[in-house]
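I opened this notebook to record what I looked up in the structure shown below.

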Amino acid sequence: MKFYTQERVALFIDGANLYSAARSLGFEIDYRRLLEAFRKESHLVRAFYYTALVEDQEYSPLRPLIDWLDYNGFTMVTKPAKEYTDAMGRRKVKGNMDIELAIDVMEMAPHVDHVVLFSGDGDFRRLVEAVQRKGVRVSVVSSTRTQPPMVADELRRQADTFIELQDLVPKIARDQAAREASRSAGVQATLRTGQGSYAPSPASAMDDFDDEIDTADPRKHLR
(Lines give C-alpha, C1' and ligand atoms only; values in the text may rest on other atoms or scores of the structure.)
Protein backbone atom coordinates (compact mmCIF):
# COMPACT_ATOMS: atom_id res chain seq x y z
CA MET A 1 0.00 0.00 0.00
CA LYS A 2 1.22 3.49 -0.83
CA PHE A 3 0.16 6.00 1.81
CA TYR A 4 1.64 9.10 3.39
CA THR A 5 1.53 9.09 7.18
CA GLN A 6 -0.31 12.39 7.55
CA GLU A 7 -2.66 12.20 4.58
CA ARG A 8 -6.36 12.05 5.38
CA VAL A 9 -7.88 8.81 4.10
CA ALA A 10 -11.48 7.61 3.75
CA LEU A 11 -12.47 4.02 2.97
CA PHE A 12 -15.54 3.23 0.87
CA ILE A 13 -16.43 -0.46 1.02
CA ASP A 14 -18.89 -2.01 -1.41
CA GLY A 15 -19.83 -4.83 0.94
CA ALA A 16 -21.22 -7.25 -1.64
CA ASN A 17 -18.34 -6.72 -4.07
CA LEU A 18 -15.67 -7.12 -1.39
CA TYR A 19 -17.31 -10.24 0.00
CA SER A 20 -17.44 -11.84 -3.45
CA ALA A 21 -13.78 -11.04 -4.14
CA ALA A 22 -12.63 -12.42 -0.79
CA ARG A 23 -14.71 -15.56 -1.22
CA SER A 24 -13.25 -16.12 -4.69
CA LEU A 25 -9.76 -15.85 -3.18
CA GLY A 26 -10.67 -18.31 -0.43
CA PHE A 27 -10.41 -16.20 2.71
CA GLU A 28 -12.63 -14.35 5.17
CA ILE A 29 -12.15 -10.73 6.20
CA ASP A 30 -11.54 -9.65 9.78
CA TYR A 31 -12.97 -6.13 9.75
CA ARG A 32 -11.23 -5.18 12.97
CA ARG A 33 -7.87 -6.01 11.40
CA LEU A 34 -8.82 -4.20 8.18
CA LEU A 35 -9.47 -1.00 10.09
CA GLU A 36 -6.26 -1.33 12.09
CA ALA A 37 -4.20 -1.92 8.93
CA PHE A 38 -5.27 1.38 7.39
CA ARG A 39 -4.98 3.28 10.65
CA LYS A 40 -1.34 2.24 10.85
CA GLU A 41 -0.65 3.47 7.32
CA SER A 42 -2.42 6.85 7.42
CA HIS A 43 -4.73 9.26 9.21
CA LEU A 44 -8.02 7.42 8.73
CA VAL A 45 -10.89 9.91 8.73
CA ARG A 46 -13.84 7.63 7.97
CA ALA A 47 -14.66 4.07 6.88
CA PHE A 48 -17.98 3.62 5.06
CA TYR A 49 -19.59 0.21 4.54
CA TYR A 50 -22.45 -0.21 2.04
CA THR A 51 -24.96 -3.06 1.93
CA ALA A 52 -28.62 -3.70 1.14
CA LEU A 53 -30.99 -5.44 3.55
CA VAL A 54 -34.13 -7.51 3.10
CA GLU A 55 -36.18 -5.62 5.67
CA ASP A 56 -39.18 -7.96 5.84
CA GLN A 57 -37.13 -10.97 6.94
CA GLU A 58 -37.80 -12.12 10.52
CA TYR A 59 -34.06 -12.54 10.92
CA SER A 60 -31.42 -11.00 8.68
CA PRO A 61 -28.02 -12.75 8.78
CA LEU A 62 -26.47 -9.35 8.10
CA ARG A 63 -27.93 -7.55 11.12
CA PRO A 64 -25.35 -8.68 13.75
CA LEU A 65 -22.50 -7.77 11.39
CA ILE A 66 -24.02 -4.36 10.66
CA ASP A 67 -24.51 -3.66 14.36
CA TRP A 68 -20.95 -4.71 15.16
CA LEU A 69 -19.45 -2.55 12.40
CA ASP A 70 -21.61 0.38 13.50
CA TYR A 71 -20.23 0.17 17.04
CA ASN A 72 -16.62 -0.41 15.97
CA GLY A 73 -15.54 2.45 13.77
CA PHE A 74 -17.50 2.01 10.54
CA THR A 75 -20.15 4.33 9.11
CA MET A 76 -22.94 2.06 7.91
CA VAL A 77 -25.00 2.91 4.83
CA THR A 78 -27.92 0.55 4.18
CA LYS A 79 -31.17 0.51 2.27
CA PRO A 80 -33.99 -1.99 1.71
CA ALA A 81 -33.36 -4.56 -0.99
CA LYS A 82 -36.01 -5.50 -3.53
CA GLU A 83 -37.16 -9.10 -3.50
CA TYR A 84 -38.71 -10.83 -6.50
CA THR A 85 -39.23 -14.27 -8.09
CA ASP A 86 -37.58 -14.98 -11.44
CA ALA A 87 -39.01 -16.92 -14.38
CA MET A 88 -37.76 -20.19 -12.90
CA GLY A 89 -39.60 -19.55 -9.65
CA ARG A 90 -36.40 -18.81 -7.73
CA ARG A 91 -36.32 -16.16 -5.03
CA LYS A 92 -34.00 -13.29 -5.91
CA VAL A 93 -33.00 -10.09 -4.18
CA LYS A 94 -31.66 -6.95 -5.83
CA GLY A 95 -29.76 -4.31 -3.92
CA ASN A 96 -27.47 -1.80 -5.60
CA MET A 97 -25.64 0.78 -3.47
CA ASP A 98 -23.71 2.56 -6.27
CA ILE A 99 -25.59 5.87 -6.01
CA GLU A 100 -25.21 6.07 -2.22
CA LEU A 101 -21.50 5.32 -2.44
CA ALA A 102 -20.91 7.85 -5.23
CA ILE A 103 -22.70 10.65 -3.37
CA ASP A 104 -20.70 10.03 -0.20
CA VAL A 105 -17.40 9.99 -2.09
CA MET A 106 -18.16 13.34 -3.70
CA GLU A 107 -19.24 14.86 -0.38
CA MET A 108 -16.11 13.63 1.40
CA ALA A 109 -13.68 14.60 -1.38
CA PRO A 110 -13.06 18.16 -0.06
CA HIS A 111 -12.16 16.77 3.37
CA VAL A 112 -9.68 14.02 2.47
CA ASP A 113 -6.46 13.56 0.53
CA HIS A 114 -6.93 9.93 -0.45
CA VAL A 115 -10.00 7.82 -1.23
CA VAL A 116 -9.74 4.03 -0.99
CA LEU A 117 -12.48 2.26 -2.94
CA PHE A 118 -13.12 -1.41 -2.16
CA SER A 119 -14.83 -2.44 -5.38
CA GLY A 120 -13.98 -3.68 -8.85
CA ASP A 121 -17.14 -2.31 -10.47
CA GLY A 122 -16.31 -0.54 -13.73
CA ASP A 123 -19.29 1.79 -13.23
CA PHE A 124 -17.16 3.67 -10.70
CA ARG A 125 -14.54 4.73 -13.26
CA ARG A 126 -16.26 8.04 -13.93
CA LEU A 127 -16.57 8.69 -10.18
CA VAL A 128 -12.85 8.06 -9.70
CA GLU A 129 -12.02 10.47 -12.51
CA ALA A 130 -14.25 13.19 -11.00
CA VAL A 131 -12.63 12.84 -7.57
CA GLN A 132 -9.14 12.96 -9.06
CA ARG A 133 -9.97 16.30 -10.70
CA LYS A 134 -10.54 17.65 -7.20
CA GLY A 135 -6.94 16.79 -6.32
CA VAL A 136 -7.72 13.62 -4.38
CA ARG A 137 -5.73 10.42 -4.90
CA VAL A 138 -7.76 7.25 -5.42
CA SER A 139 -6.73 3.69 -4.68
CA VAL A 140 -8.88 0.75 -5.78
CA VAL A 141 -8.85 -2.50 -3.80
CA SER A 142 -9.96 -5.58 -5.72
CA SER A 143 -8.40 -8.59 -7.40
CA THR A 144 -7.01 -9.67 -10.76
CA ARG A 145 -6.18 -13.12 -9.42
CA THR A 146 -9.69 -14.51 -9.45
CA GLN A 147 -11.23 -16.23 -12.47
CA PRO A 148 -12.53 -14.07 -14.01
CA PRO A 149 -10.81 -10.99 -12.50
CA MET A 150 -13.04 -9.09 -10.07
CA VAL A 151 -11.82 -5.64 -11.13
CA ALA A 152 -12.85 -3.99 -14.39
CA ASP A 153 -9.86 -3.00 -16.50
CA GLU A 154 -11.12 0.57 -17.00
CA LEU A 155 -11.42 1.10 -13.24
CA ARG A 156 -7.95 -0.28 -12.58
CA ARG A 157 -6.43 1.98 -15.26
CA GLN A 158 -8.17 5.08 -13.87
CA ALA A 159 -7.05 4.55 -10.27
CA ASP A 160 -3.86 6.20 -9.04
CA THR A 161 -2.98 2.95 -7.29
CA PHE A 162 -4.39 -0.55 -7.60
CA ILE A 163 -4.15 -2.67 -4.45
CA GLU A 164 -4.40 -6.41 -5.03
CA LEU A 165 -6.75 -7.83 -2.38
CA GLN A 166 -4.79 -11.06 -2.13
CA ASP A 167 -1.70 -9.08 -1.08
CA LEU A 168 -3.66 -7.80 1.93
CA VAL A 169 -4.52 -11.27 3.21
CA PRO A 170 -1.75 -11.30 5.88
CA LYS A 171 -3.11 -8.01 7.26
CA ILE A 172 -6.88 -8.44 7.07
CA ALA A 173 -7.75 -12.16 6.96
CA ARG A 174 -9.34 -14.03 9.84
CA ASP A 175 -7.21 -16.86 11.19
CA GLN A 176 -8.52 -20.41 11.01
CA ALA A 177 -8.80 -20.85 14.79
CA ALA A 178 -11.10 -17.83 15.10
CA ARG A 179 -13.24 -19.04 12.20
CA GLU A 180 -13.75 -22.48 13.76
CA ALA A 181 -14.45 -21.01 17.20
CA SER A 182 -17.14 -18.66 15.87
CA ARG A 183 -18.83 -21.40 13.87
CA SER A 184 -18.80 -23.75 16.87
CA ALA A 185 -20.31 -21.03 19.05
CA GLY A 186 -23.06 -20.45 16.51
CA VAL A 187 -23.96 -24.14 16.32
CA GLN A 188 -24.03 -24.43 20.13
CA ALA A 189 -26.30 -21.38 20.37
CA THR A 190 -28.70 -22.99 17.91
CA LEU A 191 -28.74 -26.25 19.85
CA ARG A 192 -29.40 -24.40 23.13
CA THR A 193 -32.25 -22.25 21.84
CA GLY A 194 -33.75 -24.64 19.32
CA GLN A 195 -34.78 -21.60 17.30
CA GLY A 196 -32.49 -22.08 14.32
CA SER A 197 -31.05 -18.60 14.73
CA TYR A 198 -27.59 -19.52 13.48
CA ALA A 199 -26.89 -17.60 10.29
CA PRO A 200 -26.34 -19.60 7.08
CA SER A 201 -22.89 -20.29 5.73
CA PRO A 202 -21.56 -17.78 3.17
CA ALA A 203 -22.06 -20.17 0.27
CA SER A 204 -25.65 -21.16 1.06
CA ALA A 205 -26.68 -17.64 1.98
CA MET A 206 -25.54 -16.31 -1.39
CA ASP A 207 -27.40 -18.90 -3.47
CA ASP A 208 -30.69 -17.01 -3.74
CA PHE A 209 -29.28 -13.50 -4.08
CA ASP A 210 -28.83 -11.37 -7.19
CA ASP A 211 -26.31 -8.51 -7.56
CA GLU A 212 -24.14 -10.36 -5.00
CA ILE A 213 -25.70 -9.00 -1.83
CA ASP A 214 -23.35 -9.76 1.07
CA THR A 215 -24.97 -12.38 3.29
CA ALA A 216 -21.85 -13.82 4.89
CA ASP A 217 -22.27 -15.32 8.36
CA PRO A 218 -21.95 -12.20 10.53
CA ARG A 219 -20.89 -14.02 13.69
CA LYS A 220 -17.49 -14.79 12.26
CA HIS A 221 -16.63 -11.08 12.47
CA LEU A 222 -17.49 -10.78 16.17
CA ARG A 223 -14.78 -11.38 18.74
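**Entry 1: S42**

I located S42 in the loop between helix 2 (31-41) and strand 2 (43-53); helices (H or I, at least four residues) and strands (E, at least two) are DSSP runs, numbered from the N terminus. The model is predicted: local features need pLDDT of at least 70, side-chain atom pairs count only at pLDDT 80 or more, and totals for chains, interfaces and linings use all residues. Residues are numbered from 1 along each chain as its sequence is written, and side-chain values use heavy atoms, with hydrogens and water left out.

Beyond its neighbours within four places in sequence, S42 is in contact (heavy atoms within 4.5 Å) with F3, Y4, T5, E7 and V9.

**Entry 2: helix 1**

I found helix 1 (residues 15-25) largely enclosed by the rest of the structure, because nine of its 11 residues are buried. Among them are G15, Y19 and L25. G26 follows helix 1 and has a positive phi, near 80°.

**Entry 3: P148**

I recorded a cis peptide bond from Q147 to P148, with omega near -5°. P148 is in the loop between strand 7 (137-142) and helix 6 (153-158).

**Entry 4: confidence**

I read a mean chain pLDDT of 81, with 74% of residues at 70 or more; pLDDT is the predictor's confidence in each residue, from 0 to 100.

Notes:
Buried means under 20% relative accessible area, exposed over 50%, partly exposed in between (1.4 Å probe, protein chains only).
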